[in-house]
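Trainee: I would like to learn how to read a structure with several chains. Could we take it feature by feature?

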Amino acid sequence: MDHTAIVSVLFASPLLGFLINGIRRNHHSANVAGAIGSLAVFISFVCSILLWIDLQGMAPDARRIHVVYGSWMAIESLKIDFGFWIDQLSSLMILIITGVGFLIHLFSVGYMSHDKGVAKYFSYLNFFIFNMLVLVLGDSLVTLFVGWEGVGLASYLLIGFWFTDGEKAAAGMKAFIVNRIGDAAFLIGMFIFFVSFGTLNIQELNSMAPTIMESTWFGIVTLGTLFLFGGATGKSAQIPLYIWLPDAMAGPTPVSALIHAATMVTAGVYMIVRLNPLFIAAPNTMMVIAVIGALTVVLAASIGIAQNDIKKVLAYSTVSQLGYMFLACGVGAFTTAFFHLMTHAFFKALMFLGSGSVIHGMEGEQDIRKMGGLKKYLPWTHLTFMMGWLAIIGTPGFSGFFSKDEILWMSFHSPRGHWALWVLGVIGATMTAFYMTRLMCLTFWGKSRVAKTLHPHESPATMLIPLFVLAALSVVGGYVGIPHIISEILPGHPANILEHWFQPIIKTVPGLVAGDPAMEWGLMGASVALALISTILAYQLYVKNPSAIERFTQKINPIYQLVSKKYLVDELYFGFIVNPIVRLSENLWAYIDVRFIDKCTYWAGDLMKGSGSFVRSLQNGNLQTYAMYIGIGLVVALSLVMMR
Amino acid sequence: MILSTLIFLPVLFAIVIALWPQKSTIRPIALGFSIAHFIFGLTLFREFDPNIADLQLVEKYMWMERFGIQYFLGIDGISFWLIQLTVFLAPLILLASWKSIDKNIRGFHICFFILQTAMLGTFLAFDAILFYVFWELSLIPMYFMIGIWGGARRIYATLKFFIFTMAGSLLMLVAIIYMMFLTQQAFGTMSSSLLDFYKLSIPFIGHEFFSMQTLLFFAFALAFAVKVPLFPLHTWLPDAHVEAPTPGSVVLAGVMLKMGTYCYLRWVLPLFPEATEYWAWIFIMLGVIGIIYGALVAMVQPDIKKLVAYSSVSHMGYIIVGIFVFNHLSLQGSLYQMLNHGISTGALFILIGMLYERTHSREIKHYGGLASALPIYTIFFFIVTFSSIAVPLTNGFVGEFLILLGTYKAIPMAAIFSVTGVVLGAAYMLWMCKRVFFGEKGPLVADAHHPLVDLNAREIVILVPFVIMIFIMGLFPNVFLKWSEASVDYLIKNKANYELTIKGAK
Amino acid sequence: MTADAFLFWFLALITIGGASLVILMKNPIYSALALVFTMCGIAALFVTLDAFFVAGVQIIVYAGAVMVLFVMVLMLFDLKHEVEAFSKGRITGAIKLATAGLLAGLVMGAIFYSSTAVDTVITKQLAAASGDPSKQLGMRLFTQHIFAFEALGILLLVVAVGAVALARSKGGTHHDQR
Amino acid sequence: MINADFIVDVGISHYLILSAILFSLGMIGVLLRKNAIVMLMSIELMLNAVNLSFITFSKYNSHIDGQIMVFFVMTIAAAEAAVGLALIVSIFKRYKEVNIRFFEHLKG
């Protein structure tokens, strides 16, 4: 089949699904809507597989499909096409998106079956998939930006899906506006590149990337990539713009799984990986990315420890894991970043869906303090969730282990790395192990704290099948990127498939040398050991000895409160940025518009009025006064004549 | 004769309506007229040649020999789309006024058609005096529209509107007359033809404010700045919009504001190139301030219509910045943004009008939860909102992107400040949407005695063309940009001594 | 001092004195009488300027007809002695006086300024040049200015009718409610 | 300026200055008197002052048209006096008052 046709179908099917479900949203049942929505994504998934197979058949250096539907904007030197670029990176990305997306659609059929607006829901989901595909496949930064904003829009609509709840609508709004801040930075980044390179085509930009590193802070590439990274902090929820993601959990849980864990939030990472030659050329930007990534890891993980909402924990975990991806990007390990993106997509989608299944079983309850002991009610959910848990805490052999460990190693070993980054990463990993174990303990293990009136029940098959698939992927997903030192001891296993696959398009950091295996083993052992300790600690605290944790939190109550209130970052933002802006605006309106500009015009009017009433007072109706004016006029006229 | 017909057809319509015997059939008749006018406007697509920058379809007759005042019409790529926008909006506006205008229908339609004539004349006139006549003529029907069919404080609003715009344009009249004397000095005979004005070389001394070109430049620029409206002169706009009836608001936002920005391109830039370049920073600065200020103030408005009015200030700021940055991208972007703003803000005002017809309130705090009461309305409102906040693949994105890109190319700082408008734009629109459409049902929405009725067929028919245009313009900007390309290119290339030739003339 | 000069100064004294009394007398009747005095003085001045016919007309029309009319109206109203002859307002009064004074000053200044120029041009030979001024006047009036003369006649007729109509009316332009 | 010559040699200036003084006096009367009838008298005074200058110029320019003008002015003055007095009579009938201060209906 022709590539153009495949790509057309790839795009058309979610778009059609969106339109059909959107227009006929009141006219068919939930199952039909779900079927249409899922089928649309499934078709896209098939197309993605076809494209991937086609790429396989090509020579490694020429693995690319470029489809151009025509020109979008062509003014002067600005030439932007409806062009889509499929190569090793984007083909894998769309496989993840459509694959995980399809599973989540499937899950949604069961999860949303009781909701009134289910057709609307599926139309939004399809709309999201469409935009995500545009984002990933777009061949220029502008097309990428189209998808970038489009997914933000879909996210806005889906977070505020239950809009009758004002808080949920506000969360959607917050997500969109915070994303917009990032988007504004992204726009500026685009402008910088367009003005200095004369193009916005990603491939051309990559080929124009300077080979000499830019050491200044105000170099074009450094500034441009910094602004692009600013965009990524918005979309991928990094410091300082991560605040929207936890609130975004207001949306339906499958949405959180799809958009706010597996796909959309990784767009920033994808973008950086996509533009890796540019980012490599800007060491300062890389440093910023690495530092912000590492700090996000620790900050979000620490907040995650004290959250009681099952989805909030997962949300902070997502922020934290995204931090790892940025850390990887920042130290130049783009392949590893993508690797973690992929494994994270599997296990985090799995855990979100698992939490969805829990919430479904608990009839909407999200507070983990009111759960516990759900293992016996939800056995399958528990089993699959455990796979995700094992993956995320980095149990050797599970997918998360391989990707996270490689990130930690690279952050230590890469020439752009630093031991401090490694330390932060390991602290993050330790905390991750702790709070995820805490989540497991409070939700599935230990004593049941479920309200008597509630009868938790296992979810239907349509919801469990995606869980199984994702669980399987979380377990085996890591084997595409086994680190060298491990593959060496596994006879017959080819070394790091992913790295090999990406080798033609992803540059490595200059100066990267082979590391000392002993060192790598040592660091790996250290991080695994620390994670293990914290896992055991958490298990001890939350299952064996629940009173100890209470005493402990009592003792450090101020700190605990601070952490559970998310370090008051939201309040700080509102107090120091949002509210002052609103107050400023009110004052601007009241003082500049109403009191000043309008007053000025009134003054002008009053001046006219005043002079009018003065002249009017001259017309006092008295004949003699009038005669006097004549006389004065005469005198003045005569004097003027005399003066001459 | 196409242009004359285009301009004066509405006058004919107005006369017919004035004499029409039955009051009940005035609405359909007027609607039919406006559709006919729109279809007639489409003939321009055939007659107009987009590949050349010349002045086309010229009509030139002597009007007052003694002063060289001519009846001189012409069209080029810069005015082409604005004409189309004007005739495109007319039937939709009339349809939107179907229910909302219920007193003195005859008078309203006469006013409306005369307004059409005035606006088209402003866009097409190439003689300074003729232009001035049309420019001022446009005030009068608008004055009546707000003054007769407007809201509670309409007299205040009309006065403010009239005085602001009038004060500005009087300065322009003085400048026009002065320039006519300059033509007499330069060519021996007096002329008010714009093409003759273009040929003048007016002395310019940069650092002196009281040099001739600077003074003339400011006289013109100020008149147009009031109309745009540029930041400190904008306060008439919110009041006029709030008090104006829906059709008045749509015309005001859709077309009349564009008269100001269009005239910058037609009059100020080519006539006073040095002064424009020297003083551009003021306008860019005011434009940027307008973008941010308009957005900030819009954010805290309690009235939906006022919010949209302030958003106009913000959007028009982009256009001004784009014009004064003066490069190809930004100019094309500005032209495009003029159309966008006409479409999206026009649609927003129509939508707000529809809401007002149902609830007779525009206070944001009285609403809430409207999305579940009026689902179809909500869909349309959100599409238009997304166009207004420049989500890609809608028309707004193309315009803002081009302007910002062009601006960054010339003055990076201006672009960086303007970009905050993108964020703030999303903030005020979505915050308003959140308060109006989402959350608990507000007192007006939950009122059981007056259940809200979703859009009827007529209202959907009004909105669908807007939505179609939003997406067509967002997806295929080239189709639109092509028609202004040659003229903009010519304007950029011949910046220092801009002269237009008449098509076919040697 | 020649007789001419003496006559002029004497008449000037009479006219200025009369005019002053006109504006100073509180009782309008006295004002009217002072005005008659002034009119006669002016008529005599006309004589010194060889304008005999006009002097006669002045006596007949002004001192006779017009003044009789004034006095009749005053009698008709039976106005008593007024307490305040002048209208109120000190500042405006001062301005008015200043205006009049300035005007007079300016005119006199103009006359002084230009008197030398005027005197040289003027020949004092009016009578010698053209004979009897009254006859001359009549000739001119009934040839060249005949239209104006007739028009004035009609005007007088209209005025007579109009004055009677006005005086007969109750006054005011609105119907009295009472 | 005021010297023997000025007193003895009476010429055009003397008459004109006299006329100017009379005119000013008339003007003061018009401006300051509150009785409408006296104001009318003052107007007559002003007219007479003007007549005096007409006659003076007529004589010193050897031109008879000045006298013709005076003739016309007198006629008009008589007519004006008649109409003015008739108006005052009419006003007095209605308001019982001839003080100019009472008639300020033209107030803006």
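Trainee: Where is B:E136 placed in chain B?

Mentor: This is a predicted model. In it, B:E136 sits in helix α5 of chain B, which covers residues 128-137.

Trainee: Is B:E136 buried, exposed or partly exposed?

Mentor: Burial is read by counting neighbours. A residue is buried if 20 or more other C-beta atoms lie within 10 Å of its own, and exposed if 12 or fewer do. B:E136 has 17 C-beta neighbours inside 10 Å, so it counts as partly exposed.

Trainee: Which chains share the most contacts?

Mentor: There are 4 pairs of chains in contact, and chains C and D share the most contacts. Other pairs do not touch: the nearest C-alpha atoms of chain B and chain C are 35 Å apart, and those of chain B and chain D are 23 Å apart.

Trainee: How many residues do chain C and chain D put into their contact?

Mentor: Chain C gives 78 residues and chain D gives 65. On the chain D side, the elements giving two or more residues are α1 (4-8), α2 (12-32), α3 (36-60) and α4 (65-95). The largest share, 22 residues, is from α4(D). By type, this side of chain D has 42 nonpolar, 16 polar and 7 charged residues.

Trainee: What is the average pLDDT of chain C?

Mentor: The average is 79, with 80% of the residues scoring at least 70. Residues 123-128 of chain C stay under 50, and the model has 8 contacts for them beyond four places in sequence.

Trainee: Which residues touch the most other members of the largest nonpolar core?

Mentor: The general idea comes first. In soluble globular proteins, nonpolar side chains tend to be buried together. Here the largest nonpolar core has 430 residues, and A:L133, A:A349, B:F220 and B:V268 touch the most other members. Helix α6 of chain A, residues 166-197, gives the largest share of this core, 19 residues. The core lies between domain 1 (1-139) and domain 2 (140-564) of chain A, because both give residues to it.

Trainee: What does A:A349 touch?

Mentor: Leaving out residues up to four places away in sequence, A:A349 touches A:V100, A:I104, A:A257, A:A261, A:A262 and A:L470. A second, separate core has 73 residues, including A:M628, C:I23, C:M25 and D:M41.

Key. Residues are numbered from 1 along each chain as its sequence is written. Chains are lettered from A and ligands numbered from 1 in the order in which they are written. Helices (H or I, at least four residues) and strands (E, at least two) are DSSP runs, numbered from the N terminus. Two residues are in contact if their C-beta atoms, placed from the backbone, lie within 7 Å. Ala, Val, Leu, Ile, Met, Phe, Trp, Tyr, Cys and Pro count as nonpolar, Asp, Glu, Lys and Arg as charged, and the others, Gly among them, as polar. pLDDT is the predictor's confidence in each residue, from 0 to 100. A nonpolar core is a set of buried Ala, Val, Leu, Ile, Met, Phe, Trp, Tyr and Cys residues joined through C-beta atoms within 7 Å. Domain bounds come from an automatic or database domain assignment.
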